[in-house]
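Please look over the sequence and the model shown here before reading on. The paragraphs that follow take the chains in turn, then their contacts and the core.

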Amino acid sequence: MPAELIANVALQGILTGLVYGLMALGLSVIFGVVRVVNFAHGEMMTIASYAAIVAFGAWNIDPLVAMVPIAVILFALGYVMQAVLINPFVNRPEHSQFILLAAVAIIMVNALLMVFGPDARSVLVDYSLDSVEIGPLLVDKVRVITAVLALAIAAGLFAFFRLTRTGRAIRACADNYLGALVVGLNVRRLYALTFGIGSACVGAAGAMMVLLIDTTPSIGPAFTLQAFVIVIVGGLGSMPGALLGGILIGLSEAMSGLFFAPSAKSMFAVALLILVLLFRPQGLLGRKA
Amino acid sequence: MTKLTRRQFAAGTVAGAALFAGSGPFNIVRAQGAKLRIGSIHPRSGYQAQLGLACQRGIDIAPRVLKQLGMGADIEIMSADTESNVDVARSRAEKLINDGANVLIGAFDSGQSAAIAQVAEQKGVPYIINVAAAPQITEQGYKFVFRNFPTAPMLVGDGLNLMKGVFEKSGITPKTAVFMHVNDTFGQSMAGAIKAMAPRFNLPFQIVETIAYDPQAKDLSVEIAKAKATGAEMLMPVTRLNDAILMVREMVKQRWEPKIVMSPGAPGFYEGQFYKTLGKFSNGMITNVPWYNPRSQLTQKLLDEFTKTYKNEMFELNVGFSFEAVMVAADAFNRAKSTDGKALADAIRQTRIENHVMAGGTLQFNEKGQNVNIKSVTLQNLDQRPKVVLPLDIAEDNLLLPLPSWSKR
Amino acid sequence: MIARLVDGVPKRALILLGLLMAAMLVAPLLVDPYILSVLVIILYFAYTGQAWNVMMGFAGQLSLGHALYVGLGGYTAAALYVHFGIGPWAGVWVAIAISMAFGLGIGFLAFRFGIGGVYFALLTIAFAEFTRIGFDHFDWVNGSGGLFLPVEQYSVNDLPNLRGSPTMFYYILLALTAGAFLLCRWLLTGRIGYYWLAIREEPEAAQTLGINVFRYKMIAVAISAGMTALSGVFFAFYYNNLFPEQIFNISRSIELILGPIIGGVGSLFGPILGAFVLTVLAETVTEVMHALGYEIPGIKQVFYGICLLVVIIYLPHGIWPPLRKRLGLEQKP
């Protein structure tokens with residue numbers, strides 16, 4: 001097999017993986033702090049994707065621009081969801097939380113179906129089908145742009161959690177829930193804020209995603225699953241882990257597609273997940289629970 | 001090659017209307033006072049919703065069109081949604097029959113169709129399958145199940161035959177091909193049929209690589225990179241809709257330009273969404289698939305009604321086959337003069353409809369309940385819509401090969 | 001042993017249960033075929049929910065991948081029937097054995113490595129997905145093309161080959177559901193039931209008390225997987241076709257556990273009640289929407305989702321525990 005082919009496919013895999021990583025980052029941030037697994041994650045991303053499609057269709061706004069207001073809207077959605085629905089469930093058993101979010105997911109998928117119908121939608125901007133030549137490699141321009149943006153957003157998020165007061169407060173209540181209560185932090189508000197931030201991530205990822213794939217209402221669950229695989233491989237709750245997980249999953253899908261049957265490529269991602277769960281259940285970059 | 005102009009088209013339609021108004025295509029004796037209740041059952045939500053809704057449109061306009069044709073049996077359409085789910089399909093079928101459906105029509109998906117077939121058989125209610133290709137359904141010995149859609153082997157047989165015609169007509173004969181297929185029920189039936197039948201057809205090309213991909217694939221970059229690396233002259237895809245779009249988009253991005261892209265009989269390339277999404281890049285793709293006969297006056301009639309009712313939707317084979325299913329039911333009802341399941345099934349078995357929508361011979365069913373007279377045509381996407389290019393007697397335009405490069409489309 | 005089953009159960013509860021059973025026994029004579037098909041679905045979900053409940057409700061291990069065992073059971077029995085002509089009554093044992101082996105394998109890996117909670121739940125999804133894609137490529141059972149069982153005449157009920165009318169399938173399921181109910185009652189009132197309770201509520205304390213936590217978790221997984229396999233066999237012979245895409249699908253796993261969660265996790269009657277409520281709700285919503293003329297795809301599921309949300313918010317332990325209290329059916333201490 002020619003080396004350029006392998007290099008090309010590997011690069012595409014990494015670039016796509018970074019956008020997946022951004023989506024999974026949202027899930028990881030939420031779990032790391034609120035300790036609730038967001039089973040409606042992919043569905044929230046689908047909402048963001050439809051918002052980008054509407055913005056483009058109605059006002060011709062490039063999804064990469066629309067990304068900013070969409071992230072804000074998703075932040076609000078996440079904030080409200082946590083404040084109203086999820087906060088009372090924080091101390092309930094896992095299966096209760098699961099059903100709560102699964103119900104939210106069912107409502108989201110089908111509300112989108114009611115509004116937008118089942119057709120696949122996409123956004124075609126004038127650079128959608130461009131490719132850049134880097135030496136012998138031919139790289140999809142949109143993938144490069146979205147991957148760079150995903151990295152930038154992730155870096156911004158790191159900075160937020162390390163450098164700002166609110167960011168540190170959120171980390172404090174993730175590390176020590178009781179301690180945070182004792183020192184008088186408003187934990188419920190911080191949880192809502194965190195859920196909002198995680199949702200904003202997935203909002204940005206959803207807006208970018210319309211340039212990469214076609215969106216249908218029923219695509220959400222597949223992304224929820226993909227986000228799980230990524231964060232568990234990287235480490236549930238670890239932010240660099242989510243990006244690493246994204247890259248690894250992107251790469252493993254690309255490589256297994258190249259060397260084995262492409263139809264079985266998600267099996268390799270799941271196999272990776274199973275291996276990680278068995279031998280390093282906290283994930284590659286996760287801390288021991 | 002005769003090119004049908006718009007004026008000729010219009011003239012044909014007028015003549016057709018006059019003809020229908022005069023005598024009507026069938027010797028119809030109206031069933032007195034009775035009403036035929038047709039249960040239409042399709043996946044209208046869930047992941048197959050898109051195509052289930054397309055089928056439903058064909059069913060919904062059928063009673064009106066049939067009335068215009070003078071085949072105006074008193075028809076009531078009862079609709080149900082399978083939610084793209086086998087158990088729901090089964091219980092909805094029970095419900096329809098319980099509510100008084102005399103005939104069932106559905107269901108686009110093979111698994112759901114198989115589940116409905118069992119219920120219909122048990123209850124002795126005729127079931128006409130409009131779209132579903134898994135060959136097993138009409139091999140199970142049912143007495144009340146009829147299928148007016150080709151099986152996967154029929155599709156592949158026609159598809160491969162027509163390929164030879166395309167090579168002959170264009171003078172371009174590829175020596176190598178890549179076969180890409182979606183790995184779902186339909187894709188695998190097609191792949192199986194191709195594997196079994198290709199040797200018999202003496203095809204000029206060799207399949208150098210078979211690439212199966214996940215039906216839920218979100219991008220096909222690896223698959224296309226792999227296909228491109230083979231350097232094959234022809235791409236032979238079996239797709240559904242979304243993956244067909246992904247495939248072409250990725251081909252443009254990776255600048256892969258095989259001489260021919262020809263599907264042996266799968267959806268995707270000819271669907272409204274494909275043109276809407278890809279614009280000029282949709283041009284050139286070839287599909288060998290059962291299609292409406294553009295020369296049939298009945299088709300024109302149906303097309304008029306369809307465009308009047310659904311302005312933004314495309315008229316394609318799902319609509320055509322769904323309409324024909326209603327026509328079969330209405331015709332049988334008119335002859336049986338009864339809504340009794342047994343009488344209707346016997347009447348359907350006697351169906352002989354010469355003048356219909358889809359290309360091919362007389363619409364009739366063999367002892368297994370399968371219509372074996374359906375014929376595929378060669379469609380090519382030209383001017384961002386599907387046009388029949390072969391066989392020549394019903395062709396709407398000329399075959400365009402080799403494909404121009406992406407930048408010139 | 002029999003005494004143990006009814007010990008401490010209020011007389012009223014026994015009478016009500018008897019009446020329900022009697023009603024279910026005569027139901028096929030009274031209802032139309034459509035209602036019968038709905039009853040079959042209800043019993044199917046009730047039985048499968050009960051099987052899941054053994055693992056989650058009794059032993060506290062959340063499985064979100066139970067479709068795996070349904071699929072394995074269904075495929076095993078169907079493949080034996082199609083390829084070797086081995087009837088379902090023989091095949092079912094193989095199906096149970098294979099499902100149990102898978103369950104034990106997953107349980108061994110997870111519990112040995114100390115995986116629990118969310119991680120265990122996600123592991124079960126992962127294995128179900130892995131198997132789904134694996135079966136898509138498993139040519140012996142026709143991969144994603146689907147496995148079709150031969151369908152012959154329906155006029156005769158052929159019990160040995162599980163070929164026959166819906167009424168026959170209804171009674172088989174009724175027997176299974178009743179059997180599962182009794183089995184679970186028997187398990188819960190025995191020593192193992194108390195061990196499970198301890199493991200579920202206080203795993204550390206259970207360990208210090210000398211309970212072999214690993215062993216009893218494994219037993220729960222094995223019983224649950226084996227019971228679920230039976231529902232797969234039923235599915236295969238009732239629907240006569242199997243597709244990996246559908247039977248192993250994650251949405252299947254979720255469908256299966258909604259009933260017991262809504263009914264009441266850990267309670268014996270919860271899965272049965274949950275299956276009734278959800279199925280009847282789904283059918284009613286469809287009918288009401290139809291009658292009102294709202295033919296918008298998706299509207300029914302939205303309503304369904306809202307109902308789920310309301311139940312889970314206001315009845316955290318499911319419908320059955322508060323209802324049981326209201327009816328005065330609480331078990332005497």
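Why does the radius of gyration of chain A agree with that of a compact globule? A compact globule of 289 residues would have a radius of gyration near 19 Å, and chain A has 19 Å, which agrees; the radius is taken over C-alpha atoms, and the globule rule is 2.2 Å times the number of residues to the power 0.38. This is a predicted model, in which local features need pLDDT of at least 70 and side-chain atom pairs count only at pLDDT 80 or more, whereas totals for chains, interfaces and linings use all residues. Residues are numbered from 1 along each chain as its sequence is written, while chains are lettered from A and ligands numbered from 1 in the order in which they are written.

Chain A holds 11 helices and two strands, where helices (H or I, at least four residues) and strands (E, at least two) are DSSP runs numbered from the N terminus. Along the sequence these elements follow the pattern α-α-α-α-β-β-α-α-α-α-α-α-α, and the C-alpha trace of chain A spans about 60 × 50 × 35 Å along its principal axes. Of its 289 residues, 60% count as buried, a residue being buried if 20 or more other C-beta atoms, placed from the backbone, lie within 10 Å of its own. Among contacts in chain A between residues at least 6 apart in sequence, 79% join residues at least 24 apart; two residues are in contact if their C-beta atoms, placed from the backbone, lie within 7 Å.

Chain B comes to 12 helices and 12 strands. Its radius of gyration is 21 Å, close to the 22 Å that the globule rule gives for 409 residues, so chain B is as compact as a globular protein of that length. Within chain B, seven strands form an open sheet of mixed pairing in the order β7-β6-β8-β9-β10-β11-β12, two strands being paired if DSSP finds at least two bridges between them. The edge strands, β7 (206-213) and β12 (385-390) of chain B, each pair on one side only. Further in, β9 (residues 260-263) and β10 (residues 286-290) of chain B pair in the parallel sense over two bridges, and B:Ser263 has B:Thr287 in β10(B) as its bridge partner. Helix α7 (residues 221-229) of chain B packs on the sheet, where it touches β6 (176-182), β7 and β8 (234-238) of chain B.

Chain A also meets both other chains. Its contact with chain B takes 28 residues from chain A and 31 residues from chain B, and the largest share of the chain A side, five residues, comes from α1(A). The contact with chain C takes 32 residues from chain A and 37 residues from chain C; here α4(A) gives the largest share of the chain A side, 13 residues.

The largest nonpolar core has 356 residues, such a core being a set of buried Ala, Val, Leu, Ile, Met, Phe, Trp, Tyr and Cys residues joined through C-beta atoms within 7 Å. Those with the most contacts inside this core are A:Val19, A:Ala52, B:Leu104, B:Ile116 and B:Ala329, and helix α8 (residues 187-212) of chain A provides its largest share, 18 residues. Leaving aside neighbours within four places in sequence, the contacts of B:Ile116 include B:Ile41, B:Ala89, B:Leu104 and B:Tyr127.

Methods. Axes are lines fitted to C-alpha atoms, for helices over the stretch in contact, and angles run from 0 to 180 degrees between N-to-C directions. A residue is buried if 20 or more other C-beta atoms lie within 10 Å of its own, exposed if 12 or fewer, and partly exposed in between; C-beta atoms are placed from the backbone.
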